[in-house]
Each structure stands twice: as C-alpha cells, then as structure tokens.
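Subject: Structure for your review: aromatic contacts

Dear colleague,

Please find below the structure that I am handing over to you. I would be grateful if you could read the notes after it alongside the coordinates.

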Amino acid sequence: MNFIYVFRYKTFFRKMELALTVEELKKGLLGRTTAGQGMFLMGADAIHTFNMKFPIDVVYLNATGLVIGLEEKLGPNRQGRRIQDARHVAEFNPGTIRQYQIKVGEQWYWQIASTSNE
C-alpha cells in the first residue's frame with residue numbers, strides 16, 4: 001500500500017492512501033465501510049460509487065493541485081461529476097469537506113511517501 005502526504009496551501013493536511021496503478025484506481029474504496037483518512041487517486045479524472053457501502057466527499061484537482069470541484073455526500077451507486085481539467089481525485093468520509101472548509105480555488109500539494117512503513 002502506498003501513501004501520500006497532502007498539504008493545503010503550505011499546511012500539512014493528512015497522510016492518505018494513494019492509488020496509482022490501474023488496479024488500485026479501479027478498486028478505490030470498494031469493499032470498505034469507511035474511507036479512513038481518505039484515498040488520493042492520482043491520474044483519475046472521474047469516479048463512481050457503484051457497489052460502495054457508504055457515501056463519500058469528493059475533491060477534484062487539476063494537474064497542478066488546484067481544487068476545481070467538490071461533491072459532498074455522493075451516495076452509493078452514483079457516477080461522480082465530470083469536471084473539465086480534473087486530473088486527480090481525493091475521496092473522504094462524508095462531512096470532511098464541511099468540517100475542514102475545503103473550497104474550490106485552494107492550492108494543494110503532495111509528496112509521495114518513500115515507503116509504506118512511514
């Protein structure tokens with residue numbers, strides 16, 4: 001399992017699971033009952049919640065890490081929004097966007113963890 005450190009502007013936000021491979025991107029959060037600290041889908045431009053067991057909050061980012069779209073409490077068995085220029089997607093437990101006041105226009109940065117033991 002890979003991890004990524006995510007920063008909002010220059011402030012550390014959280015350590016998240018990282019999906020990089022085609023298999024990891026396809027699986028995402030399927031089969032789970034929570035998003036934990038969240039999942040960062042690098043290279044994903046869209047998501048779905050088919051066969052998921054819980055709703056999720058979704059943050060869409062462009063190639064440079066600018067937040068360009070948000071979806072709160074996207075329920076199971078739904079297709080996420082198609083957002084032009086989306087290149088990465090972060091999935092969280094419902095309520096995360098509101099709790100942390102995530103807004104369109106924020107700049108996010110990240111650093112991929114060098115090992116899964118960090």
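The following notes concern the aromatic rings and the charged side chains beside them.

Please bear in mind that this is a predicted model. With ring centres required to lie within 6.5 Å, the count is seven aromatic pairs. One of them joins Phe 13 and Phe 92 in an edge-to-face arrangement, with 5.9 Å from centre to centre and 70° between the planes. These two residues come from distant parts of the chain: Phe 13 belongs to strand β2 (residues 11–19) and Phe 92 to strand β6 (residues 88–92), 79 residues apart. Phe 13 is buried, its relative accessible area being 12%, and Phe 92 is buried as well, at 0%.

Phe 13 also forms an edge-to-face pair with Tyr 100, where the centres are 5.2 Å apart and the planes make an angle of 85°. Because Phe 13 lies in strand β2 and Tyr 100 in the loop between α2 (96–99) and β7 (108–112), this pair ties together parts that are 87 residues apart in sequence. Tyr 100 is partly exposed, with a relative accessible area of 33%.

Two lysines are placed over ring faces. Lys 10 lies over the face of Tyr 109, at 4.4 Å from the ring centre, while Lys 15 lies over the face of Phe 3, at 4.6 Å from the ring centre.

Yours sincerely

Conventions: Residues are numbered from 1 along each chain as its sequence is written. This is a predicted model: local features need pLDDT of at least 70, side-chain atom pairs count only at pLDDT 80 or more; totals for chains, interfaces and linings use all residues. Side-chain values use heavy atoms; hydrogens and water are left out. Rings of Phe, Tyr and Trp (its six-membered ring) pair if their centres lie within 6.5 Å; planes under 30 degrees apart count as stacked, over 60 as edge-to-face and the rest as tilted. Helices (H or I, at least four residues) and strands (E, at least two) are DSSP runs, numbered from the N terminus. Buried means under 20% relative accessible area, exposed over 50%, partly exposed in between (1.4 Å probe, protein chains only). A charge sits over a ring if NZ of Lys or CZ of Arg is within 6 Å of the ring centre and within 35 degrees of the ring normal.
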